[in-house]
Amino acid sequence: SSPSPRTRQSLAADLRTLSVEPGATVLVHSWLSALGWVCGGPVAVIRALLDVLTPSGTLVMPAHTSGLTDPAAWQNPPIPSAWWRTVRDAMPAFDPRLMPSTGMGRIAELFRTWPGSLRSFHPAVSFSALGPQAAIITSGHTLDFGLGDGSPLARIYDLDGFVLLLGVGHTNNTSFHLAEYRAGGAKQITQGAPIEEDGVRVWKTYRDVDWNDEPFPEIGAAFDETRLTRIDKVGSAETRLFPQRAAVDFATRWLRDRDASPAP
């Protein structure tokens with residue numbers, strides 16, 4: 001027998017079963033297709049999340065824009081090196097109101113445009129947030145080290161927020177990147193993007209680390225063993241809910257221990 005259609009009400013009930021609490025701050029990474037057939041699509045999913053969090057809670061999602069980076073570093077697909085200068089010169093400056101997110105899924109892209117949602121100012125790794133803590137989370141996002149201590153991830157950490165992996169695994173757990181910065185040892189790189197300064201478009205270079213999400217599934221599996229992760233179905237999607245601070249601290253220790261151990 002086929003499962004019944006997923007609705008705003010049924011998804012909210014599943015989220016409550018998972019212990020998403022009213023008033024919480026929750027960073028959501030999502031994949032709509034994993035939920036099954038949803039009546040109302042991404043609109044129903046966001047309404048369900050907001051229903052459960054209530055107006056006292058704060059919802060956060062990534063709004064990353066991988067296209068607003070230096071084309072010299074593009075891998076999939078790369079572009080001819082003869083194009084790099086043209087692309088750098090012509091790339092539109094980051095505009096938080098207009099620039100769609102890339103690769104974040106349909107739920108996150110709709111949430112970016114949701115009435116009242118705020119977006120942090122970073123040309124590559126911005127976040128959208130809605131709720132009482134949204135301004136604190138999205139303001140002051142530093143250009144350098146965009147997923148580090150000057151990022152919305154660190155503000156969610158300060159606020160004792162949660163991460164909800166809705167139909168995606170720990171590979172998509174961006175908060176582990178915050179641990180990469182804190183553990184030290186990550187390779188530093190120079191990145192570039194077009195932004196507006198005093199009404200003028202400028203190509204701005206900035207410092208970051210060469211992010212590596214390769215160990216994330218292994219770190220995530222080890223963290224799930226701590227019993228701090230609640231795992232249940234939301235619709236048809238295997239979903240994880242856990243305290244972000246505990247996950248970041250765990251990943252920071254894991255990466256430090258890995259770097260401290262002698263190579264085999």
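This is a predicted model: local features need pLDDT of at least 70, side-chain atom pairs count only at pLDDT 80 or more; totals for chains, interfaces and linings use all residues.
Biologist: What does the Glu-197 side chain meet in a salt bridge?
Modeller: Lys-204. The two side chains form a salt bridge at 2.7 Å, N to O. Lys-204 is partly exposed too, at 28% relative accessible area.

Biologist: Which residues do salt bridges with shared partners join into one network?
Modeller: Asp-224, Glu-238 and Arg-240.

Biologist: Where does Asp-224 sit?
Modeller: In helix α8, residues 216-224. Asp-224 counts as buried because its relative accessibility is 15%, and the cut-off for buried is under 20%.

Biologist: What is Asp-224 in contact with, leaving aside neighbours within four places in sequence?
Modeller: His-170, Thr-229, Ile-231 and Arg-240. Arg-240 is also one of the network residues.

Biologist: How many salt bridges does the structure hold?
Modeller: The count is 13. As a general point, side chains of opposite charge can pair when their charged atoms come close.

Biologist: What about Asp-158 and Arg-155, which helix are they in?
Modeller: Helix α6, residues 152-158. Asp-158 and Arg-155 are three residues apart, so about one helical turn separates them.

Biologist: Is Asp-158 in the buried class or the partly exposed one?
Modeller: Partly exposed, with a relative accessible area of 45%. Arg-155 is partly exposed as well, at 22%.

Biologist: New topic. What span does α2 reach, first C-alpha to last?
Modeller: Helix α2 covers residues 41-53, which is 13 residues. The span is 19 Å, close to the 18 Å expected at 1.5 Å a residue.

Biologist: Which residues of α2 are buried?
Modeller: Gly-41, Pro-42, Ala-44, Val-45, Ile-46, Ala-48, Leu-49, Val-52 and Leu-53.

Biologist: What covers them?
Modeller: The cover includes helices α1 (8-17) and α4. It also includes strands β1 (25-30), β2 (58-62) and β5 (162-166).

Biologist: What happens just after α2?
Modeller: Thr-54 takes a positive phi there, about 65 degrees.

Biologist: Back to α1. At what angle do α1 and α2 pack?
Modeller: About 45 degrees, with the axes 8 Å apart. The two helices are therefore oblique to each other. The crossing is right-handed.

Biologist: Which residues meet there?
Modeller: From α1, Arg-8, Leu-11, Ala-12, Leu-15 and Arg-16. On the α2 side they meet Ala-44, Val-45, Arg-47, Ala-48, Leu-49, Asp-51 and Val-52. Among those, Ala-44, Val-45, Ala-48, Leu-49 and Val-52 are buried.

Biologist: Now α7 and α9. What are the angle and axis distance?
Modeller: Helix α7 (residues 175-183) and helix α9 (residues 244-260) pack at about 45 degrees, axes 8 Å apart. That makes α7 and α9 oblique to each other. Their crossing is right-handed.

Biologist: Which α7 residues meet α9?
Modeller: Ser-175, Phe-176, Leu-178, Ala-179, Glu-180, Arg-182 and Ala-183. Their partners in α9 are Gln-244, Ala-247, Val-248, Ala-251, Thr-252, Leu-255 and Arg-256.

Biologist: Why call α7 largely enclosed?
Modeller: Because eight of its nine residues are buried. They are Ser-175, Phe-176, His-177, Leu-178, Ala-179, Glu-180, Tyr-181 and Ala-183.

Biologist: What covers those buried α7 residues?
Modeller: The cover includes α6, α8 and α9 among the helices, plus strands β1, β5 and β7 (200-209). Helix α6 holds the Asp-158 and Arg-155 pair, and α8 holds Asp-224.

Biologist: Last one. Which residue just after α7 takes a positive phi?
Modeller: Gly-184, at about 75 degrees.

Conventions
Residues are numbered from 1 along each chain as its sequence is written. Side-chain values use heavy atoms; hydrogens and water are left out. A salt bridge is a side-chain nitrogen of Lys or Arg within 4 Å of a carboxyl oxygen of Asp or Glu. Helices (H or I, at least four residues) and strands (E, at least two) are DSSP runs, numbered from the N terminus. Buried means under 20% relative accessible area, exposed over 50%, partly exposed in between (1.4 Å probe, protein chains only). The expected span of a helix is 1.5 Å times one less than its number of residues. Contact means heavy atoms within 4.5 Å. Axes are lines fitted to C-alpha atoms, for helices over the stretch in contact, and angles run from 0 to 180 degrees between N-to-C directions. Angles under 35 degrees count as roughly parallel, over 145 as roughly antiparallel, 65 to 115 as roughly perpendicular and the rest as oblique. A crossing is left-handed if the near helix is turned anticlockwise from the far one by less than a right angle, and right-handed if clockwise.
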